Amino acid sequence: MTPSARVQAAIEILDQVVASARDDGPPADAIVTAYFKTRRYAGSKDRRAVRELVFRAIRRSAEIAYDGRSAMLGLSADDREILDSFTGPPHGPDPVVKGEKRTRASLIPQWVETELSPLVTPAEWAALVQRAPLDIRVNTARTTREAMLEAFPGATLTPLSPWGLRLPADTRVDQHPAFAEGLVEVQDEGSQLIALACGAKPGMRIVDLCAGAGGKALALAAATANAAEIVACDTNRQRLSRLSPRADRAGATISTRLLDAPREAEALVALQGSADLVLVDAPCSGSGTWRRSPEGRWRLTPDRLDRVIVLQARVLDLAAPLVKSGGMLVYAACSLLSREGADQVGAFLGRHSGWTVQDPLGDVGNGLGRSEGVGRLLTPAHDETDGFFVARLIRSC
């Protein structure tokens with residue numbers, strides 16, 4: 001592909017990314033993959049170059065682009081070679097016309113600035129959209145971190161999680177024998193720290209109330225040497241169905257329970273007052289993962305944020321009756337917005353009496369995250385992890 005053809009391909013993909021962001025469709029990564037499945041003529045260098053253009057354009061602008069052309073024209077302001085690629089047919093985009101729309105360079109949607117935690121100052125904003133490292137979690141129930149350090153060339157120890165390794169960005173983890181054998185899982189260090197914050201121990205009954213595809217449930221199984229009863233719940237059948245094959249690969253025993261919204265409480269009656277630990281890894285804005293999915297800034301709207309905050313409160317209210325006396329409720333949100341973190345847990349404590357607060361990372365290590373309200377906030381700039389808020393509450397005996 002010529003440079004002009006690569007720019008044209010990036011524009012076509014960005015058109016789809018913009019439409020998908022507006023309609024809550026598939027993520028940009030999936031769109032790029034699907035685009036090249038029908039264009040076999042593109043070599044590996046072309047695919048990498050086009051993908052790089054697409055994500056540079058997405059990372060450059062926090063506000064959703066008008067279309068793919070406006071996003072690429074915005075990027076051309078920083079790259080003369082891109083501007084020179086607007087050469088017209090047969091392979092390049094049409095020549096630039098004076099006054100055309102161009103995206104504006106920005107890091108955070110303007111309306112989100114007042115929603116951010118006060119800890120996330122403008123000095124930290126650039127880190128929110130920088131490329132994230134590739135972290136894996138070692139399945140310590142079946143192997144050691146030292147063994148996996150030797151198995152993955154170029155791996156280093158994650159600085160905070162005792163379960164993690166950081167790999168070179170181009171490592172194909174899914175093609176490594178250790179992955180096929182269930183010895184490792186791809187998981188950001190911040191997500192590993194949330195599992196560590198749960199303080200899971202063998203013999204516990206653990207309920208992962210918003211399990212999704214089960215990343216944290218698998219981490220909890222490994223942390224307890226597969227000697228805890230873990231019940232993974234979710235309302236999304238497709239996401240939850242991905243857990244069982246992963247658990248089989250990891251040698252973990254995790255039961256699943258599909259919840260029927262809005263009648264989740266009916267399916268949870270048998271678990272009431274019996275759980276030593278309930279993890280609420282809540283549905284959220286995803287603002288903590290913008291460095292992995294920068295188009296998430298395009299998807300988030302004030303209305304969507306309001307809806308997810310209502311849902312978080314509802315899930316917390318569903319979780320509370322499941323915790324037995326002396327048991328733990330751990331709330332986590334992959335978000336940097338105060339309303340989803342400190343404010344959400346503060347509101348829960350206002351609705352429910354009989355709970356005390358613990359430092360969720362105090363027994364994990366010193367200097368992890370920063371205190372916010374009754375919990376802690378991990379951020380890309382301060383901790384080099386995805387952004388997470390986490391709080392640990394104990395039910396009074």
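Visitor: How much space lies in the largest cavity?
Guide: About 40 Å³. Keep in mind that this is a predicted model.

Visitor: And how many cavities of 30 Å³ or more does the count come to?
Guide: One.

Visitor: Which residues line the largest cavity?
Guide: R137, N139, A141, L218, A221, A222, N226, A250 and A252.

Visitor: How do those divide into nonpolar, polar and charged?
Guide: Six are nonpolar, two are polar and one is charged.

Visitor: Where does the largest share of the lining come from?
Guide: From helix 10, residues 215-223. That helix gives three residues to the lining.

Visitor: How many bridges pair strand 1 and strand 4?
Guide: Three, in the antiparallel sense. Strand 1 covers residues 134-138. I136 stands opposite V186 of strand 4.

Visitor: What about strand 12, which way do its residues point?
Guide: G375 and L377 point one way, R376 and L378 the other. In a regular strand, side chains alternate between the two faces of the sheet.

Visitor: Are those four buried or exposed?
Guide: All are buried.

Visitor: What does strand 12 pair with?
Guide: Strand 13 (residues 388-395) pairs with strand 12 over three bridges, antiparallel. There, F389 is the bridge partner of L377. Strand 11 (residues 370-372) is also joined to strand 12, again antiparallel and by three bridges. E372 stands opposite G375.

Visitor: How many residues sit between the strands in the hairpin of strand 11 and strand 12?
Guide: Two. G373 in that hairpin takes a positive phi near 60°.

Visitor: Now helix 1. How far does it reach?
Guide: Helix 1 (residues 3-23) reaches 30 Å from its first C-alpha to its last. That is close to the 30 Å expected for its 21 residues.

Visitor: Which of its residues are buried?
Guide: The buried set includes V7, A10, I11, L14, V17, V18 and A21. An α-helix has 3.6 residues a turn, so residues three or four places apart point the same way.

Visitor: Which helices do the buried residues of helix 1 pack against?
Guide: Helix 2 (28-37), helix 3 (44-60), helix 4 (68-76), helix 5 (80-83), helix 14 (296-299) and helix 15 (302-319).

Visitor: What comes just after helix 1?
Guide: D24, with a positive phi of about 60°.

Definitions and conventions
Residues numbered from 1 in each chain as written. Predicted model: local features only at pLDDT ≥ 70, side-chain atom pairs only at ≥ 80, totals over all residues. Heavy atoms only, no water. Expected span 1.5 Å × (residues − 1). Buried < 20%, exposed > 50% of the residue type's maximum accessible area, 1.4 Å probe, protein only. Contact = heavy atoms within 4.5 Å. Pairing = 2+ DSSP bridges. 1 Å grid on protein atoms, 1.4 Å probe; cavity = no way out; pocket = protein on both sides within 12 Å on 5 of 7 lines; lining within 4 Å. Points joined across faces, edges and corners; volume = space filled by probe spheres on them. Nonpolar A, V, L, I, M, F, W, Y, C, P; charged D, E, K, R; others polar.
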